[in-house]
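Follow the strands first, then look at one residue and its surroundings.

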Amino acid sequence: MTWVITSNTNTCHIYNYNTAPLSIKRVQSFNHPDSKLRDSELVSDRPGKFSTNASVIGKYTPKNDHQAIEIENFAQTIADQLNESRKKNQYEALILIAPPQMSGLIQKCMDQNVKNCLEKTINKDYMRLTEAELLKLLWGE
């Protein structure tokens with residue numbers, strides 16, 4: 001059994017893909033809407049204030065990119081799901097389809113055993129493809 005994973009920064013679909021007979025069917029989807037929120041929506045506090053002896057007042061803004069952190073959390077969630085499913089023998093091979101940034105994050109978070117199942121990576125955002133279009137893409141390559 002081969003799984004096809006399509007993902008972007010806030011949505012992931014998992015498909016069963018068979019070549020004999022040729023078929024593809026979505027088996028699972030999950031979302032992470034926090035990946036699309038702006039930093040101001042992710043952080044509840046205003047920047048902190050500080051003062052010095054020289055009567056200078058300034059604002060302290062942490063150097064965290066909260067949206068990037070949420071995207072990394074989502075990549076970790078996907079990798080964890082793939083690891084758990086591998087332990088249950090739900091797939092033998094993987095095809096990962098995601099934009100380069102997300103593909104890299106997912107692969108960075110993958111367990112080595114999951115990486116060993118990775119047969120192919122397509123660094124494109126094909127989230128909007130229907131099952132028929134996805135099947136044509138996979139079979140045509």
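Predicted model: local features only at pLDDT ≥ 70, side-chain atom pairs only at ≥ 80, totals over all residues.

Strands β2 and β3 (residues 22-31) run antiparallel and are joined by 9 bridges. Here a strand is a DSSP run of E with at least two residues, numbered from the N terminus. Two strands count as paired if DSSP finds at least two bridges between them. Between β2 and β3 lie 2 residues, and the two strands form a hairpin.

Residues are numbered from 1 along each chain as its sequence is written, and side-chain values use heavy atoms, with hydrogens and water left out.

Now step back to β1. Strand β1 (residues 2-7) is antiparallel to β2 (residues 11-19), with 6 bridges joining them. T2 has Y17 in β2 as its bridge partner.

I95 sits in strand β6 (residues 93-97). Is I95 buried or exposed? I95 is buried, at a relative accessible area of 6%; buried means under 20% with a 1.4 Å probe, protein chains only. Leaving out residues up to four places away in sequence, I95 touches T2, W3, V4, I5, Y17, K120 and L138. Contact here means heavy atoms within 4.5 Å. I95 and L118 are 23 residues apart in sequence, yet their C-alpha atoms are 6.1 Å apart in space.

How values were computed. Helix = DSSP H or I, 4+ residues; strand = E, 2+ residues; numbered from the N terminus. Buried < 20%, exposed > 50% of the residue type's maximum accessible area, 1.4 Å probe, protein only.
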